[in-house]
Amino acid sequence: MGISARNVFKGKVTAVKEGSINAEVEITTSGGDKIVAMLTDASVKSLGLSVGKDAVAVIKAPWVTLLSGTSEYRFSARNQLKGTVSGFVKGAVNCQVNIALPGGATVSAMITEEAVADLGLTEGTPVVALFKASHVLLGVRLKAIPGNRPGCDAWQSPPCWGESASQTYLFILGRPQTVRASGVVLPGRRDSASADSGRFAG
Amino acid sequence: MGISARNVFKGKVTAVKEGSINAEVEITTSGGDKIVAMLTDASVKSLGLSVGKDAVAVIKAPWVTLLSGTSEYRFSARNQLKGTVSGFVKGAVNCQVNIALPGGATVSAMITEEAVADLGLTEGTPVVALFKASHVLLGVRLKAIPGNRPGCDAWQSPPCWGESASQTYLFILGRPQTVRASGVVLPGRRDSASADSGRFAG
Amino acid sequence: MGISARNVFKGKVTAVKEGSINAEVEITTSGGDKIVAMLTDASVKSLGLSVGKDAVAVIKAPWVTLLSGTSEYRFSARNQLKGTVSGFVKGAVNCQVNIALPGGATVSAMITEEAVADLGLTEGTPVVALFKASHVLLGVRLKAIPGNRPGCDAWQSPPCWGESASQTYLFILGRPQTVRASGVVLPGRRDSASADSGRFAG
């Protein structure tokens, strides 16, 4: 899969708190980072989110705010990751700032060049990356329903979606696919065995 | 009216689900696309949103995430529109990607050039445009209250806002306007008859 | 403190409405502008938000949508600030538009160059800046807990956080700090007397 978002954190659901319309879901990465997402209850049910489930948290770079230097304020953002500036992709108006987290992950923020200058950001500057729970998308692993017909399109045919303990279900946008007892094979690309190492381009 | 957002979908309200603070509102376009928006209850009441009402859903390009290729994940975003890349506006850091939807509409996403390269996006690439319900603004048509005084400013004088079945109420920012029994005339620009075809510049 | 967000409004909490998961908090600036933020209840409790408390509302430029000219629609965004275009920072794809508000503050919006052209924006164009309550971060002033040990790191040691009526508590990312009875001194930078005038670089 490719996703355009620059920030994708793999982890497990470690808490779910449901409200009347919204629910708060916490993901903990293998490195111990915790990401809180705010979803609709409908999404929590639709994705079958529950404690222990594998999930990914996705945050686009423009949704990340950076704090640097001293602060006499404390912020409401549920997600506040401390790190160090590790690189820049500079443009005329905007600049992508990459932040290395202690656990080895990287967070990217899209901020203005004006802000980079105002904050005096350089490689090595310690910063905090802030983002709201309501700005986090969650994804869950898809697994095959035994008996799925070959060639179905998961996006067009929701009954193809589902899961079992042993089989990974891949889908492909707008292209045929093959479902085997052992999972799904995408001819010429990769097989179910590589599902766990699916590249996150985004 | 002009609005800076690149994505404006006209439709009708087809569902409203209220919570204690937030409400979920579904808009269905004439082409059959469904957009789910998360608003505050205060906004739902203020706009008088109810099933059957005309409305527009507005989503800025930076709030849209793109998925391409195969995916072993399913995402929480309530809005997931399938389409095909139809064009690019390229920059140094960011790139606006236009996606043609089957019904003829276009969705624009602002993603990094890095992501365009990582996903190998070219014209014709099938993608899914994801955006959260909490990232959608809704707008409703304004109509005239019979008896509104000529020259009032809707933004400064909320009592000017309102609606009737037969009259369209236009407002203009910071400039005088004329209210007639048949609606509103903006001298030298357009009359109430053109309200339905109001250009969405954004 | 430096924050990358272009829009920072200082004010006081003038209303708090709590729900089961989310809460709506209103900030009123000294100039009389009102900003509504949607937070999680957990954040409201964690920040100790209550009516009368000093707070800042932070909104990144990409979250601001602009309306110009006439409109036959009214929008759900809880925050709608009227102003006048006062300047541009132009890029290949995106453009930062600065908007002067009547009270003297400035709001920045990141929109596409395409939108600037479509809306025919020039200096002096009257516009409305829209942003959703769920896109606003809130910050509250930190004050010292009498007895805090010198040199503690507020980010790593939450027990260092707190407040008293008389002492301002500053924290610094990844660097030692000194806590004095009169507040906090950051050697070589500034003392507690300047805390109120802390520069918001973002």
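## How the copies meet

Chains A and B meet through different surfaces, because only 16% of the interface residues of chain A are also interface residues in chain B. The structure described here is a predicted model.

## Chain C and chain A

Chain C can also be laid on chain A: the turn is 120 degrees, the shift along the axis is 0.0 Å, and the RMSD is 0.0 Å. These two copies are therefore related as by a three-fold rotation axis. Chains C and A use different surfaces, with 16% of the contact residues of chain C recurring in chain A.

## The side of chain C that touches chain A

How many residues of chain C are in contact with chain A? There are 45 of them, and they are in contact with 40 residues of chain A. On the side of chain C that touches chain A, several elements of chain C give two or more residues, including strand S4 (34-40), helix H1 (41-47), strand S5 (54-59) and strand S10 (94-100). Strand S1 (2-3) and strand S14 (171-172) of chain C are also among them.

Which element gives the most to this side of chain C? It is S13(C), with 5 residues. The strand S13 of chain C spans residues 137-141. By residue type, the side of chain C that touches chain A divides into 26 nonpolar, 15 polar and 4 charged residues.

S1(C) is joined to strand S6 (residues 65-68) of chain A by 2 bridges, and the two strands run antiparallel. Ser68(A) has Gly2(C), in S1(C), as its bridge partner.

## A sheet built from chains A and B

Strands of chains A and B form an open sheet of 6 strands. The order is S1(A)-S6(B)-S12(B)-S9(B)-S10(B)-S11(B), and the pairing is antiparallel. Which strands lie at the edges? They are strand S1 (2-3) of chain A and strand S11 (106-112) of chain B, each of which pairs on one side only.

Within this sheet, strand S6 (residues 65-68) of chain B pairs with strand S12 (residues 126-131) of chain B over 4 bridges, in the antiparallel sense. One partner of this kind in S12(B) is Leu130(B), the bridge partner of Thr65(B).

Technical notes:
Residues numbered from 1 in each chain as written. Chains lettered and ligands numbered in written order. Predicted model: local features only at pLDDT ≥ 70, side-chain atom pairs only at ≥ 80, totals over all residues. Least-squares fit on C-alpha atoms with pLDDT ≥ 70 in both. Contact = placed C-beta atoms within 7 Å. Nonpolar A, V, L, I, M, F, W, Y, C, P; charged D, E, K, R; others polar. Pairing = 2+ DSSP bridges.
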